[in-house]
Amino acid sequence: MSDIFKPSRRAFLRGSAAAAAGITAGAAARAGTPDPLITEVQDWAMSFGEGVDATPYGLPIEFEDDVVRRNVEWLTADTTSSINFTPIHALDGTITPQGCAFERHHSGAIELRKQDYRLMINGLVDTPLVFSYDDLERFPRENHVYFCECAANTGMEWAGAQLNGAQFTHGMIHNMEYTGVSLRTLLTEAGLDAAGDLSDKWVYVEGADASSNGRSIPMEKALDDVLVAFKANGEALRKEHGYPVRLVVPGWEGNLWVKWLRRIEVMDGPVESREETSKYTDTLEDGTSRKWTWVMDAKSVVTSPSPQSPIKHGPGPLVISGLAWSGHGAITRVDVSKDGGMTWETARLAKPGEKMALTRFYLDTEWDGEEMLLQARAMDETGYVQPTKEQLREMRGENSIYHNNCIQTWHVKTNGEAENVEVS
Amino acid sequence: MLKFPKGVATAVLLATTALASTQAVASEKLGLGREALPEEIAAWDVDVRPNGEGLPVGSGSVEDGEMIFSDNCAVCHGEFAEGVDNWPELAGGEGTLADKDPVKTVGSYWPYLSTAWDYIHRSMPYGSAQTLSDDDVYAIVAYILYSNFLVDDDFVLSNENFLEVEMPNADGFIIDDRAETEYPIWRAEPCMENCKDSVEITMRASVLNVTPEDEEASMQHSSDQAEVVQAAAVVEEPAEPELDAELVAAGEKVFGKCKACHMVGEDAKARSGPVLNGIVGRDIASVDGFRYSKVLSEMDGVWTDEALAAFLENPRGFAKGTKMSFAGLRKPEDVAAVTEFLKSHVD
């Protein structure tokens with residue numbers, strides 16, 4: 001990575017830095033020799049490319065084959081109960097392609113055919129029902145874009161700067177456009193009169209895989225915006241994301257988004273399953289633990305420049321870019337600091353923030369070639385401001401594992417490389 | 001009455017207003033789906049709750065649990081529930097929850113015993129979920145309690161006395177209080193200038209150096225290996241039997257069920273199961289240094305295609321007492337495929 005700038009080019013950049021600063025953006029330096037890519041006729045300009053149907057379902061071009069999910073082996077005992085990370089450092093916009101959206105399995109990604117799929121609704125309902133996949137497609141459908149963030153995203157940072165890359169520190173997140181049926185519609189179909197007063201009722205949702213991951217969700221949320229989804233980004237869910245049907249629980253931790261959804265039970269209390277007691281609970285400094293910490297608080301991260309996405313040009317125009325999101329609603333503002341939080345500038349949102357969905361931000365700036373301590377700080381529509389690591393630790397200690405939404409710092413060096421650091 | 005964090009209620013109100021135009025909610029029933037039969041509900045609705053609701057009639061002793069645990073669970077969780085490698089420890093950790101690295105086990109952390117019964121019954125043993133009898137589950141839970149010094153060695157757990165067991169950390173949990181403790185503080189107008197006097201770097205990721213190596217380097221590495229393997233294959237080619245490439249590929253997929261415990265290939269190391277390179281044609285229980293079950297170490301013979309098939313179809317039928325907690329491959333074609341795949345990995 002240290003040879004990003006070849007010596008001659010580095011000397012050129014250094015020598016012309018002062019002059020470059022005065023030149024308006026876009027005024028390129030005159031090249032010494034003509035570029036053969038322009039003056040010589042290239043192969044691709046003479047002969048055929050690939051015909052249609054060469055790839056009935058395409059993958060990204062080979063030049064992009066480093067933009068893939070990555071696993072950190074030492075984190076877990078085995079890949080069948082593990083997690084990998086979305087390459088957010090290399091993506092732009094807000095929609096995550098399914099093929100590189102992070103995976104989290106508790107017993108591996110199973111293959112379940114639509115014909116073999118059954119969804120049961122039972123418990124305190126008027127009529128317990130079984131739906132086939134085809135039944136689900138006959139209910140009125142909705143489309144929504146939502147982020148799904150694992151509660152453990154950035155969890156390795158509680159103890160300090162550990163993994164060097166936005167993919168590893170913040171990649172347990174994806175953002176897709178879901179098509180599905182609202183859970184409210186399905187519960188209405190089964191009838192909730194039998195449940196009586198709904199204010200103290202719950203639904204328990206469970207998956208069909210061997211882990212049969214199950215979580216309890218208060219009825220208030222279940223009837224609000226929870227979706228039983230079968231499409232993402234226009235196409236069928238991928239196997240690794242719960243094909244053919246998963247639950248979408250907007251703004252709430254990813255573990256509740258049960259994959260291969262097979263059963264929904266209306267209950268008068270929570271099950272207190274393994275995933276909502278021994279895991280996904282947050283131990284505070286004094287040893288007591290918070291439970292039912294479902295909402296993902298506002299958070300942001302600079303995706304470029306970042307350790308896996310260094311600055312590859314010299315001083316001059318630089319796009320600082322990143323992602324922001326909040327489980328409480330829409331992102332309203334993102335500030336960026338280049339000096340580790342001493343001063344802040346407000347970044348430009350690519351589009352107005354949408355509720356419980358990723359928001360892309362840009363800071364179009366001039367890099368002076370000096371070191372930077374890059375940070376981003378998100379605000380959401382409730383006025384919540386993303387806290388620093390120090391504020392979080394002061395409040396919760398270092399043992400929470402989950403829900404670390406701290407401000408992240410990248411140390412950008414004069415050669416453009418970046419490193420995950422912690423600052424005072 | 002349930003207490004919801006205030007933020008949740010607010011978000012719900014806001015969302016309801018904003019989504020009104022895009023929500024597709026059927027106001028009346030559409031008559032889709034069919035009524036679930038009692039047998040179907042009984043088959044799937046097996047969750048067990050803190051008050052014991054859902055527990056079947058049954059019982060199991062610490063004594064039986066010790067044996068069942070050793071056969072089914074110890075391969076990952078250790079004979080004393082202490083955890084092997086990165087697999088979860090189930091015992092110990094008492095009084096560590098406020099320490100720097102708390103040890104969270106069934107004894108030290110889990111607030112409800114029902115959670116252990118429910119999880120073991122539905123999701124364990126890992127890779128063979130839902131194969132334990134109800135009494136086996138009672139016995140395993142009893143043994144885990146014993147490993148945590150919560151019951152004596154003559155204890156028998158049943159649906160009758162289930163709620164009498166006291167979990168040490170039952171009162172160790174509070175309901176999410178961020179709306180009271182954090183949000184009021186962090187909903188203030190943020191500082192934009194002169195927010196601190198100076199900034200120092202206090203920690204760097206490169207010091208720990210735990211990030212996986214970058215893609216280019218690792219690709220280079222693996223292609224180097226591929227060349228080595230190829231070169232080796234060329235030398236050994238005359239000695240190798242001809243394999244059905246399609247069957248090998250199908251077997252690789254089946255091997256996904258084995259990978260949690262067994263490795264093959266150049267860098268293979270023993271996990272909770274031995275390395276399987278060259279397994280076909282090798283003496284049974286012959287990997288140096290691996291601790292086999294008594295039954296396999298005392299078994300004479302060679303892993304022929306037939307022996308392997310018999311073992312894989314019904315591990316415990318073939319070797320009663322094997323530590324391999326795997327229910328078996330139901331389809332003969334899967335057995336054939338995985339055998340072919342294993343043959344493609346020689347020593």
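In this predicted model, helices H3(B) and H6(B) are roughly perpendicular to each other, because angles of 65 to 115 degrees fall in that class and their axes cross at roughly 95 degrees. H6(B) also packs with H5(B), at an angle of about 130 degrees.

**H3(B) with H6(B)**
- The axes of H3(B) and H6(B) come within 7 Å.
- On H3(B), the contact is made by Val62(B), Asp64(B), Gly65(B), Glu66(B), Ile68(B) and Phe69(B).
- On H6(B), the residues taking part are Asp136(B), Ala139(B), Ile140(B), Ala142(B), Tyr143(B), Ile144(B) and Tyr146(B).
- By class, the residues of the contact of H3(B) with H6(B) are nine nonpolar, one polar and three charged.

**H5(B) with H6(B)**
- The axes of H5(B) and H6(B) lie 10 Å apart, at an angle of about 130 degrees.
- That angle makes H5(B) oblique to H6(B).
- The crossing of H5(B) past H6(B) is right-handed.
- H5(B) contributes Leu113(B), Ala116(B), Trp117(B), Ile120(B) and His121(B) to the contact.
- H6(B) contributes Asp134(B), Val137(B), Tyr138(B), Ile140(B), Val141(B), Ile144(B) and Leu145(B).
- The residues of the contact of H5(B) with H6(B) comprise 10 nonpolar, one polar and one charged.

**H6(B) itself**
- Helix H6 of chain B has 14 residues, 134-147, and at 1.5 Å a residue it should span 20 Å; its end C-alpha atoms are 20 Å apart, so the two values agree.
- H6(B) is mostly covered, with 10 of its 14 residues buried.
- The buried residues are Val137(B), Tyr138(B), Ala139(B), Ile140(B), Val141(B), Ala142(B), Tyr143(B), Ile144(B), Leu145(B) and Ser147(B).
- Besides helices H3 (62-72) and H5 (113-123), the buried residues of H6(B) pack against strands E2 (59-61) and E3 (156-158) of chain B.
- Phe149(B) follows H6(B) and has a positive phi, near 60 degrees.

**Gly242(A)**
- Gly242(A) sits in the loop between strand E11 (235-236) and strand E12 (246-248) of chain A.
- The relative accessible area of Gly242(A) is 0%, and because buried means under 20%, Gly242(A) counts as buried.
- Leaving aside neighbours within four places in sequence, Gly242(A) is in contact with Leu237(A), Lys259(A) and Trp260(A).
- Gly242(A) and Ala357(A) are 115 residues apart along the chain, and their C-alpha atoms are separated by 20 Å.

Methods:
Residues numbered from 1 in each chain as written. Chains lettered and ligands numbered in written order. Predicted model: local features only at pLDDT ≥ 70, side-chain atom pairs only at ≥ 80, totals over all residues. Heavy atoms only, no water. Helix = DSSP H or I, 4+ residues; strand = E, 2+ residues; numbered from the N terminus. Expected span 1.5 Å × (residues − 1). Buried < 20%, exposed > 50% of the residue type's maximum accessible area, 1.4 Å probe, protein only. Contact = heavy atoms within 4.5 Å. Axes fitted to C-alpha atoms, helices over the stretch in contact; angles between N-to-C directions. Parallel < 35°, antiparallel > 145°, perpendicular 65-115°, else oblique. Left-handed = near helix turned anticlockwise from the far one by under 90°. Nonpolar A, V, L, I, M, F, W, Y, C, P; charged D, E, K, R; others polar.
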